[in-house]
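Dear colleague,

Please find the structure below, handed over for your records. My notes on what was found in it follow directly after.

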Amino acid sequence: MEECKVPRHVAIILDGNGRWANKRGLPRSMGHREGCKAVEQIVEDAARLGIGYLTVYAFSTENWKRSDEEVGTLMQLFRYYMKRLLKVATRNNVRVLMIGERSRFAPDIIEGIGRLEGDTKDNTGLTFTIAVNYGSRDEMVRAVRRMMEDCRDGKLSPEEVDEAAVSAYLDTRQIPDPDLLIRTSGEQRMSNFLLWQSAYTELYFTDVLWPDFDKEELIKAIEQYNKRERRFGGV
């Protein structure tokens, strides 16, 4: 690992909590709980490996279509682990950000997100970004609406619209584009995650279910990343 170049920004699609539980004859809620524990640990591992930015896809705009029971369980876990995450972030000098449209969440969750971001804003280590109620198409639609509003109000002209301008209206405007995107559980699709930002991102797919993804698996992904010759539109 010493000879590997650590990617500046790693993004992860957390997949396989339900299958992890089903394989063990456990309720899906247990898979989600174990998945939360894996998130806690991977934040510490990423910070210690020297990764500058870690972004995880925790709850998509499509996840609201799951059963009321499962969504309710996820919301309760979110409340619980926001408090635990604050301790992890404080201990590891981690700054926490949330991306996605948060107005659909209950007021106490919105307040908790604000507190988590506010209490860690001055931390100077890893920036840990959690995508909640996030979908890349929804993000782009919201960005276009804000751009149109600014054009209407004279704050932006059509001539000023370029890639940099669009990026500045996205949820991820505070962080760089990912260098490496990992998806667990064997699925090989983007699932509406960071579509604009991942134009030149290296993709890594693993059959490991998310609750079983650990530091060793993260290092495997980084080692594969190092074997690739990155090209940005060149030959």
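Arginine 183 and aspartate 15 are joined through their side chains by a salt bridge, at 2.9 Å from N to O; the term denotes a side-chain nitrogen of Lys or Arg within 4 Å of a carboxyl oxygen of Asp or Glu. Because arginine 183 lies in strand S5 (residues 180-183) and aspartate 15 in the loop between strand S1 (9-13) and helix H1 (17-23), the pair ties together parts that are 168 residues apart in sequence. Helices (H or I, at least four residues) and strands (E, at least two) are DSSP runs, numbered from the N terminus. Arginine 183 is buried at 4% relative accessible area, and aspartate 15 is buried at 15%. Here buried means under 20% relative accessible area, exposed over 50%, and partly exposed in between (1.4 Å probe, protein chains only).

Please note that this is a predicted model, in which local features need pLDDT of at least 70 and side-chain atom pairs count only at pLDDT 80 or more, whereas totals for chains, interfaces and linings use all residues. Residues are numbered from 1 along each chain as its sequence is written, and side-chain values use heavy atoms, with hydrogens and water left out.

Further salt bridges

The count of salt bridges comes to 20. One of them links glutamate 70 to arginine 66, with the closest N and O atoms 3.1 Å apart. Glutamate 70 is buried, having a relative accessible area of 12%, while arginine 66 is partly exposed at 31%.

Another salt bridge joins arginine 142 and aspartate 138, at 2.8 Å from N to O. These two residues are four apart in helix H5, which means that about one helical turn separates arginine 142 from aspartate 138. Arginine 142 is buried at 12% relative accessibility, and aspartate 138 is partly exposed at 27%. Elsewhere, salt bridges with shared partners connect Asp15, Arg19, Arg183, Glu187 and Arg189 into one network.

Surroundings of valine 71

Valine 71 belongs to helix H3 (residues 68-92) and is buried, with a relative accessible area of 9%. Leaving aside residues up to four places away in sequence, valine 71 touches Asn63, Trp64 and Arg66, where contact means heavy atoms within 4.5 Å. Between the C-alpha atoms of valine 71 and tyrosine 81, which are 10 residues apart along the chain, the separation is 15 Å.

Backbone angles

Most residues other than glycine have a negative phi. Asparagine 133, in strand S4 (residues 127-134), has a positive phi near 45 degrees and is buried at 6% relative accessible area. Leucine 194 also has a positive phi, of about 50 degrees. Leucine 194 lies in the loop between S5 and strand S6 (202-205) and is buried, with a relative accessible area of 1%.

Surface charge

Glu159, Glu160, Asp162 and Glu163 form a negative surface patch. Patches are made of residues with over 30% relative accessible area and no salt bridge, with like charges joined within 9 Å and nonpolar side chains (Val, Leu, Ile, Met, Phe, Trp, Tyr) within 5 Å. Accessible areas come from the Shrake-Rupley method with a 1.4 Å probe, and for residues only the protein chains shown count as cover. Lys and Arg count as positive and Asp and Glu as negative, while His and the chain ends are not counted; the place of a charge is taken as NZ of Lys, CZ of Arg, CG of Asp or CD of Glu. Glutamate 159 lies in the loop between helix H5 (136-152) and helix H6 (163-168) and is exposed, at 69% relative accessible area.

Yours sincerely
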